[in-house]
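Dear colleague,

I am handing over the structure below, and after it you will find my notes on what turned up. Please read them with the structure open beside you.

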Amino acid sequence: MITLRKITVENFDDIIGLRVREDQKELVADNALSIAQSKVQPECIPLAVYDEETPVGFLMYCVDRDDNEYWLYRLMIDEKYQSKGYGRAAMELLLDIVKADPTHSRMLLGVDPSGEASVALYRSLGFVPNGQVFGKEHIMVLEYGDMQMVHNASVLPSDCIWQGAGGLITQQLGKAGGSKDFYVNIDILPPGTYSTKYHSHTTQEEFFLVLRGSGLLRLEGREYIVNQGDFFSKLPGHAHCFFNSGNMPMEILDVGTAVDRDVCYYPDEGVKMEKQGGRLRILKAGEELTNWSSEPN
């Protein structure tokens, strides 16, 4: 039976005597150094890996003082006991420990990509690279619990799919993924429909990319034929809208800044829509309107 045990006076000599292969010595710190580190960084928890009463490895983890996340700092299996499943068993026991803490939902680690066996082990446990690199170490992260990092547009929650009266469908990918400072949508326009009424924003900046289909873009009083792959950035003050003039659905990637305060102008109707703190106020010629709609969006 594989267990994780505290480092004590009784097993200290056994644990610092564990050794990795000669070609692995540059990949993991010596156990004695790790145990010493735990004395000056008390958040670090060193544990011995045992098979019954035989010490076979060592690991150390912590809740990091800088980012308050769980980190695996060390994992080693003695050269005599490698390729026997001890590394996986030790990691599974450790993950049971950290997942029992309801205040966290991720664990991180750093690994030298030249240690191919280690990378393969961590990937098999669900760790994926997060793009960060510190020296020779590439950072990998495991998300668990209620926090989901990777989503699929085909299975969005119902509150992340909006459908207008004219048939426009908006998939709110950024909302589903937890974006805070910007939104990411995919707008799907049936043939013969508009993306929005022709309008501009005073503060919001947006980027559009035609993913599929073709149509017309009305931008600052001019019309452009747009096809799959065409894109443009819309700065505050630039009036715009799309029209699907084709015979198939038109899909548009729409990315923009999430702003709490904005004013939209609809020049075709002489309407101004003020947005602030989730509230809307519709004005025309200085009078407030109560039955006006921004449909199709």
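**Notes on the predicted model**

The backbone oxygen of Gln204 is 3.2 Å from a polar atom in the side chain of Lys234. Please keep in mind that this is a predicted model. Lys234 belongs to strand 15, which covers residues 231-234, and with a relative accessible area of 0% Lys234 is buried, since buried means under 20%. Leaving aside residues up to four places away in sequence, Lys234 touches His201, Gln204, Glu205, Glu206, Phe208 and His240.

The next part concerns helix 4. This helix runs over residues 116-124, and Val119, Leu121 and Tyr122 are buried in it. Why can these residues be said to line one face of the helix? Seen down the axis of helix 4, the buried residues fall within an arc of 160°, so they line one face. In general, an α-helix has 3.6 residues a turn, so residues three or four places apart point the same way. Glu116 and Ala117, by contrast, are exposed on the other side of helix 4. The cover over the buried residues of helix 4 includes strand 4 (70-77), helix 3 (86-99), strand 5 (106-111) and strand 7 (137-143). After helix 4 comes Gly126, whose phi is positive, near 105°.

How do helix 3 and helix 4 lie relative to each other? Their axes come within 11 Å and cross at roughly 40°, and helix 3 and helix 4 are therefore oblique to each other. Helix 3 passes helix 4 in a right-handed crossing, and the contact is made by Gly87, Arg88 and Met91 from helix 3 together with Leu121, Tyr122 and Ser124 from helix 4.

Finally, some backbone details deserve a careful look. Most residues other than glycine have a negative phi, and most peptide bonds are trans. Glu52, however, is a residue other than glycine with a positive phi, near 55°; Glu52 sits in the loop between strand 2 (44-51) and strand 3 (54-63), and at 47% relative accessibility Glu52 counts as partly exposed. Ala285 is not a glycine either, yet its phi is positive, at about 55°. Ala285 is placed in the loop between strand 20 (279-284) and strand 21, and Ala285 is exposed, with a relative accessible area of 77%. The peptide bond from Glu295 to Pro296 is cis, with omega near 20°, and Pro296 lies in the segment after strand 21 (287-288).

Definitions and conventions. Residues numbered from 1 in each chain as written. Predicted model: local features only at pLDDT ≥ 70, side-chain atom pairs only at ≥ 80, totals over all residues. Heavy atoms only, no water. Buried < 20%, exposed > 50% of the residue type's maximum accessible area, 1.4 Å probe, protein only. Helix = DSSP H or I, 4+ residues; strand = E, 2+ residues; numbered from the N terminus. Arc of directions from axis to C-beta. Contact = heavy atoms within 4.5 Å. Polar contact = N/O pair within 3.5 Å; in protein donor to acceptor, adjacent residues only side chain to side chain. Axes fitted to C-alpha atoms, helices over the stretch in contact; angles between N-to-C directions. Parallel < 35°, antiparallel > 145°, perpendicular 65-115°, else oblique. Left-handed = near helix turned anticlockwise from the far one by under 90°.
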